[in-house]
Amino acid sequence: MKTAFITGISGQDGSYLAEHLLDLDYRVVAMMRRSATQSVSRFAHIADRIEIVHGDLLDQASLMRLLTDCQPDEIYNLAAQSFVHASFDEPIHTGEVTGLGVMRMLEAVRLCAPKARFYQASSSEMFGKVHEVPQSENTPFHPRSPYGVAKVYGHWATLNYRESYDMYACSGILFNHESPRRGLEFVTRKISDHVAAIVCGEKDGLALGNLDAQRDWGFAGDYIKAMHLMLQQDEPDDYVVATNETHTVREFCEIAFGHVGLDYNDFVSIDPKYYRPAEVELLLGDATKAKEKLGWEPEVNFRGLVEMMVDYDLKRRIDQGATCQRGSLPEALA
Ligand code: NAP
Ligand code: G4F
C-alpha cells in the first residue's frame, strides 16, 4: 500500500484528491493547520478513512517532523493562500505561504523524505499578462498579482530542487478548476450560490467585478487525476492541465441564470470593489502534453460544470425547506 501526504486537505482540491487516492487504495495522511474553527466540511465524508495531522507551511519544523514520521511515497503540496484578490491585501502573508511555503516543503522533503515523489500546485495565474495564446509549458510567465508572483517562486523552486538534488519533483500548471466545493469567494461559486439564493427568494441581486475576464474553467474532480498521473511517470516533468476552451465571466452568468429560467441582465450589477489593481484578462490552456504523455482528458465540459454547481447550491437549499420563488427549478430538481 502506498502512502500519500497531502497539504491543503481542507481545501477544494485536497478533498477530491484524497477521495481519488483512497479509491486507488492509498494510505492518506493529510495536513491541516491549527485554527479555532477547524474546517472539515469538505472532507467530513472520508474523515474516518484518512489520517489527519497538524502542521503549517509557515512552520519548517512541523513539516520536517511530519515527513519524518510519515515517510510518504508521494507528497501533494496543495496548501496555499489561493485567493488572488486577497493577495493584493495580504501580499507578504501570501508570499510567505504560497511562495516560501513551497521552499519549506522542498527542504523538508530533501532532508526528511528524499525518496518521496513531490507534486507542486502551480497555477495558470503565473502566465498573467499572457505572452501567447494558448499558454503551454513553454509560455513565459508574466504574473499580475502577489499570488502569481509567489506561485512563480514556488514553481521555479520545484524545478531547481529537481535539477539540484535529483528529486522527483513535478509542477502541475493547472488552469482554473471549480466544483460545488469551491470557496464562495471565487467568482464561479459566488455566481452559482447567488443564483440559487435568488431563485429561493433569499437575495435580489449579484454584484460582480470584471465580467469580460476570460478563463479556461474545468472541473476539479477531473484535474486532481492529472496530479496523480504526473507522479506515476518514469521521469518527473511539468504539465499544463486545462480544457483548451475559454469563456468570459459574463458567459458563466448567462448559463447559470439561464439554467433556472432567468436573465442575468435583470440581476447582475457591477461594483468596482471587485476589480483588481492588475487583471489577468485571458487564460486559455494548451494541455496537449498532458493528453499525450499522461493520457489525461477532462470529462466535464463548461456547461456541465456551471449546471452542476447551480444544481448543488439549489439542492442544498431545497433540502433545508426552501422553495422556488423566482424562475424555475432545473428538471433534475423539479
Ligand atoms: P483552497 O480551496 O483555497 O485550499 C487551500 C488550502 O491551503 C486549505 O486547505 C487551507 O487551509 C490551506 N492552507 C492555507 N494556508 C496554509 C498554511 N499556512 N499552512 C497549511 N495549510 C494552509 O485551494 P484549492 O482551490 O483547493 O487549490 C489547491 C492548490 O492549487 C492551491 O495551492 C492553489 O493555489 C492551486 N491552484 C488552484 C487552482 C484552482 O483553480 N482551484 C488553479 C491553479 C492552482 P485552511 O482551510 O486552514 O485555510
Ligand atoms: O474566481 P477568481 O477569483 O479566480 P482567479 O483570480 O482566476 O484565480 C483562481 O484561478 C487561478 C488559476 O488561474 C488559481 F491559481 C487561483 O488560486 C484561483 O483558484 O476570478 C476569476 C475572474 C477574475 O478575472 C476576476 O477579476 O473573475 C473576475 N471576477 C469578476 N467579478 C471576480 C468577480 N472574481 C471574484 N472572485 N469575485 C467577483 O465578484
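Which elements each supply at least two residues of the shell around ligand 1? In this predicted model, they are α1 (12-23), β5 and α5, where helices (H or I, at least four residues) and strands (E, at least two) are DSSP runs numbered from the N terminus. Local features need pLDDT of at least 70 and side-chain atom pairs count only at pLDDT 80 or more, whereas totals for chains, interfaces and linings use all residues. Residues are numbered from 1 along each chain as its sequence is written, chains are lettered from A and ligands numbered from 1 in the order in which they are written, and side-chain values use heavy atoms, with hydrogens and water left out.

The strands form an open sheet of 7, in the order β3-β2-β1-β4-β5-β6-β11, with parallel pairing; two strands pair if DSSP finds at least two bridges between them. Strands β3 and β11 (239-241) lie at the edges, each pairing on one side only. From one strand to the next, the twist averages 25°. Axes are lines fitted to C-alpha atoms, for helices over the stretch in contact, and angles run from 0 to 180 degrees between N-to-C directions. Helix α5 (residues 146-165) packs on the sheet and touches β5 (117-123) and β6 (169-174), contact meaning heavy atoms within 4.5 Å. The direction of α5 makes about 155° with that of β5. Strands β1 (residues 3-7) and β4 (residues 74-77) run parallel and are joined by 4 bridges; T7 has N77 as its bridge partner in β4.

Ligand 1 is surrounded by 24 residues, of which S10, D13, R33, S82 and Y147 are the closest; a residue is near a molecule or strand if one of its heavy atoms lies within 4 Å of it. Strand β5 gives the most to this shell, with 3 residues. Polar contacts are pairs of N or O atoms within 3.5 Å; within protein, one must be able to donate a hydrogen and the other to accept it, and residues adjacent in sequence count only if both atoms are side-chain atoms. An N or O atom in the side chain of R33 lies 2.7 Å from an oxygen atom of ligand 1, and a polar backbone atom of L57 lies 3.0 Å from a nitrogen atom of ligand 1.

Around ligand 2 there are 23 residues, with S123, S124, Y147, R276 and E279 coming nearest. Oxygen atoms of ligand 2 lie 2.6 Å from a polar side-chain atom of S124 and 2.5 Å from a side-chain N or O atom of R276.
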